[in-house]
Amino acid sequence: MSRKTPLLDNLSLRGLQIAPSQVCGSIRLVPLLRSHPRRDLRLERRNYDENLAIVALDGDMMNPDMMYVSYVPHGLVLSWGEGGGAEVAFGTKMQGRDGKVFHCGCAKLRLMHRMTKRESRDRLRFLPLHLAMEGFLGMFFSGPAIAWEEYSRQALSHGLGCRWELSYSGRAIAGFEDALRLFEIHEGQVGLLVFVADTLASAFIVPNPQDYRALHTSLLEDFYGELIYQYGLLYDTTFPMDMAIDERKINNLNQLRTAVADLRSQWGKFHGFMATDLLNRAVNSRRVYKLGPFGLQRFITDLDPGRENHIGEAIVSDDGEIQYLKTYRLSAAQTRRVYLLSQLAKYQWNLDVTARELGQETHEFVLRLDKAGFGYLFKQNVLELARKNAKKR
């Protein structure tokens, strides 16, 4: 019997090597290499060509309160098995039915059951990054559990209601498509760190090099935050980072090999330093599915409004190594929203107590929530009183 896969408490690149980056315009791509990939886990892409996907989160298409709606260009299918079974089975199985497709005027819709769907004993389909985003949108979704008098009837009956976030396709990020096309894929490469204007946009890891080559361009179909999109428009270059070998110290091939290895090591450490707001950062994880010796999880970094924050999903093996990883950087506004909700939930949605713990007056906290887009949670007289008190100051 396999051990229970551990829940991530921080993101580590154990088992991976960070290689020197490649730069194209404002895009910096940092390769991640794996010297000993596992043979019992494979990952393949399943393309969808519909305009919109509607996912029944509880498997019930008749429950509109439990649906996730988005553009979903592709899913990922995991195959796993002992003794190289996944290696043999990869690419040899017929694609099963994955939801139903409907034509609605000039648009096509795909109705799907759940974010993760077991298709056979050793195959699982899931929707990459949407799995993480759905978990983010669902955080504290139920709203106040106590009927505090400040909240509207809608908030008490339906919680946060319909939540949404705006993101941009990778194709909308200036220079990203060219960078991926020109990128040199290393032997043993299983992933990369994507920087836009030297700001970390995402991390991507797959189980083995063959899977990476097949999924390299799928990064264009992922979604990214508004900040990353804006940086792609505002900047056309990265910060200069020059490292060179001192030729005066090179007298033979052995010294040259040592100098090159040392330079690569320095580059790797520096790129790891550039991603410190993600790597080795504390995260809160939740297991989504158990896959033999692997576990599918989604996570969010410890919410700190003063730092970068990320959500993502990972497949972790029973030895604690990350076999699959995909992340999304939250914008400052997205971080603010979930941080405020987390503080409300921590103090039982009591406005006075939460405001006091955050060092604010109650009316200031109410207006802060209103500015973050949660004004609809309160009765109208609560908002009016908060605005009136703010004018007195």
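User: How many salt bridges does the structure hold?
Analyst: This is a predicted model, in which local features need pLDDT of at least 70 and side-chain atom pairs count only at pLDDT 80 or more, while totals for chains, interfaces and linings use all residues. Residues are numbered from 1 along each chain as its sequence is written, and side-chain values use heavy atoms, with hydrogens and water left out. A salt bridge is a side-chain nitrogen of Lys or Arg within 4 Å of a carboxyl oxygen of Asp or Glu. By that criterion, the number of salt bridges is 20.

User: R281 forms a salt bridge with D302; is R281 buried or exposed?
Analyst: The closest N and O atoms of R281 and D302 are 2.7 Å apart. The pair links distant parts of the chain, 21 residues apart, with R281 in the loop between α7 (253-274) and β16 (283-291) and D302 in the loop between β17 (294-301) and β18 (309-317); helices (H or I, at least four residues) and strands (E, at least two) are DSSP runs, numbered from the N terminus. Buried means under 20% relative accessible area, exposed over 50%, and partly exposed in between (1.4 Å probe, protein chains only). D302, at 28%, is partly exposed, whereas R281, at 2%, is buried.

User: What separates R181 and D178 along helix α4?
Analyst: Their side chains meet in a salt bridge at 3.2 Å, N to O. R181 is exposed at 59% relative accessibility, and D178 is partly exposed at 39%. Because they are 3 residues apart in α4 (residues 176-182), the separation is about one helical turn.

User: How many disulfides does the structure hold?
Analyst: A disulfide is a pair of cysteine sulfur atoms within 2.5 Å. The sulfur of C104 is 8.3 Å from the closest cysteine sulfur, in C106, which is too far for a bond. The number of disulfides is 0.
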